[in-house]
Amino acid sequence: MLDWQQQQTFSISGMIITVISPGIIHVFQDRGYPSHSKAITTVPWEKTTVSVTRDKEVTELRTAKLVLKVDESGHVDVYDVTGNALAVDYRGKRAPQGLDEVDREHRKLIAGEGHSLGAQAPQEAAITVIKQLSPTAHFYGLGDKTGYLDKRGYAYDNWNVDFSAPQLEIQPNLYKSIPVMFSLDHGCPVGLFFDNPNRSHFDFGRENPAYYYYSADEGNLDYYLLGGATLKEVVANYTRLTGHTPLPQKWTLGYQQSRWGYSRSAAEVMAVADGLTKHKIPCDAIHLDIDYMDGYRDFTWNQRKYPEGPRAFVAAMKRKGYRLVTIIDAGVKKDERYSVYKEGKERHYFIRDHDGSPYVNTVWPGDAVFPDFGNPGVRRWWGQKQRFLTDLGVAGTWNDMNEPASFNGPLPLDLECTDEDTTVPQRQVHNVYGHNMSRATYEGIKDATGKRPFVITRAAYAGTQKYSTVWTGDNRSIWPHLQWAIPQLCNLGLSGFPFCGTDIGGFASDTTPELLVRWVEAALFSPLYRNHSELGTRHQEPWAFDDQTLRIYRQYVRLRYRFIPYLYDLFAYHQETGLPVMRPVILNYPDDERAANVNDEYMVGDDILVAPVVVKAQRRRLVYLPAGVWIDFWNNREYAGNQDIVVDAPLDCLPLFVRKNAIIPWGCVTMHVAAAPDKQMKFRVFGNDGATTHYQDNGCDFQYQKGEYNLYRVTVTAGQATVKLKHHGYRPCYQKITVETMMGIQRFRYAGQDQYVVVKEEAEDEE
Ligand code: MIG
């Protein structure tokens, strides 16, 4: 540790408190567990002044963003610099509500009928952090827990599971554990990130409205206080700590088609591609679920089902314009004639039973063993295995079943696993299993291809966003799951994961044409835009129903391609700021109490507000518009903000609003995202005054990190546009730029030397 870092580190009441930066403070107490973080790869140290005052009982640490008061008994109270309480320890005793309502006899009766009792005596936990609950505080974050945006009144577990029953809003845990929470009380924000991968629990006033708490079964006391003037700043501090999502390849923002079952034969996948082409549905990738493999063996390909061989098949698909993404499961088939199993066994690369032999459970391939991803050697090995796929031309890896899932009961908690350089029981690395698998996959693909890896994972921990895209797992074709898609993706974004999506149309159960259409509308700006469904359910390709369904579906997928440059700009912006692409309204309007609980609208960046219909048979809806002036995307009608309006939303209408004077880059509709650099770009100005910065690069590799990118600055004043190339590091820049304001169209041509000049005459070939 450097001298100045030492000076920002304090030992108070048995805890080590480290001021990493003015808005990031680490609280740590060693309880004998491994202390290296899985979530944080680079600590964002910043040299800063901390003023310290001590009186008899309390030590006060003050930075430019946070004030901490730590007393002798270890209470940690957090304030902002103007004295607002952000997170103050609760000094009372825990008292679950309703506990005294039922005596022992009634308890038995209730249980006898099969009901579970809500109120339980407080569980003793190794770690408990308990805070006063303000009557006006809202809670966000925690990744993609089901239910509503504001977590107040609910409780959750952090323990990764494969959960296939229909999810309810009270489901405590699913596939991911992202133990970060944000509290917002009258606009005053704070974040708490508990960097403890052991099983843990959050309760936001469900047990008792007087307090909220975090508890963990084991591990060190290890958490971060995140401060900032606004919720955005606090979220930015969280992502500064756990890392940003690197720019994705541009095509990954295109539409993707999937279904468990397609990959049963080359002919079936081909037929899907032909269906997309025939019905003119733009699409960039088709996903191959488990059936392409040979007996569900990872890194194999079934020759019988693909008679021309995988290489020729992948190439043929590519010629048609479709990339392939293949699934890889965590469980490796136990088969002495299978090289991945044999190698892994020889090198002790699998999770071990008590006698040191590979632990066996059942997954798709039957008996299966589980790579010990906490071991860096295993990660390198698994990373190299990706070459099997990348050499064939496969465009991405979709990691599934990595909670890990198993059919023959869960993995015993005390199996032998590796945590970097030590041996630990399975339960201590359980929640980072998918995280480590994603990391191995990302690094392997990056090494093999030099391109930006496209990895999708179901299980994740805090920080997995550096390696992988996520989807919310096995939802159902039911309206509540469409409704929750919005808060789930918004909370994922706040929790550091901008690249996320849900299975469009719903995975399990049978979709209906209306649900499918509303889903493809609602998900228009969901960064991962993939239709996926379960084997045996009703088919949900866009053409599986009637003409109307197909027509509307196509209309929205085509519209999606218009917005890809805008989405790509937001990913470039995310890399700089850590802010998500899809956002809850409250992130942009943290002082607006009305925005705190909006579950059926979301924003995209700062400029677009989406108010999808997520209720069956609804044909008009109420839209809450936050402060400012809003333009209806469909008819340019202007609305003042800070009010609810009623809009018509027939089946083919997604209510969409653009902030007045926003400038949106407007892409071309193509069947696939073009590999060649775009020769022109259009900017739509939703007003007559505004400015934007637009990003461009080659969309596929890491050259942008060496400066090979362009930044365009478009400014419009009283309807007059100017275009400047602010940074010209990527040689092919746009030859033509069109700016369309509400007063008319202005055209520019590249004149060399980073200059754009106005073109007077009509351009002949506008897309
Ligand atoms: O439990 O590979 O969430 O997307 O289609 C089934 C088959 C295993 C679960 C994934 C789903 C995928 C399915 N998998």
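Guide: Two strands are said to pair if DSSP finds at least two bridges between them, and a strand is itself a DSSP run (E, at least two residues), numbered from the N terminus. This is a predicted model, in which local features need pLDDT of at least 70, side-chain atom pairs count only at pLDDT 80 or more, and totals for chains, interfaces and linings use all residues. Residues are numbered from 1 along each chain as its sequence is written, while side-chain values use heavy atoms, with hydrogens and water left out.

With that in hand, β22 and strand β23, which covers residues 366-369, pair in the antiparallel sense over 3 bridges, and within this region Thr-362 has Asp-367 in β23 as its bridge partner. Both strands belong to an open sheet of 3 strands, whose order is β21-β23-β22 with antiparallel pairing. Because β21 (332-333) and β22 (361-363) each have a single partner strand, they stand at the edges, and one side of each is left without a neighbour in the sheet. Strands of a sheet pair through backbone hydrogen bonds, either parallel or antiparallel.

Another open sheet, this one of 4 strands, runs in the order β9-β16-β15-β11, again with antiparallel pairing. Its edge strands are β9 (127-132) and β11 (155-158), each of which pairs on one side only. From one strand to the next the twist averages 10°, where axes are lines fitted to C-alpha atoms and angles run from 0 to 180 degrees between N-to-C directions. Here β9 and strand β16 (residues 211-216) pair in the antiparallel sense over 6 bridges, and Thr-128 stands opposite Ser-215 in β16.
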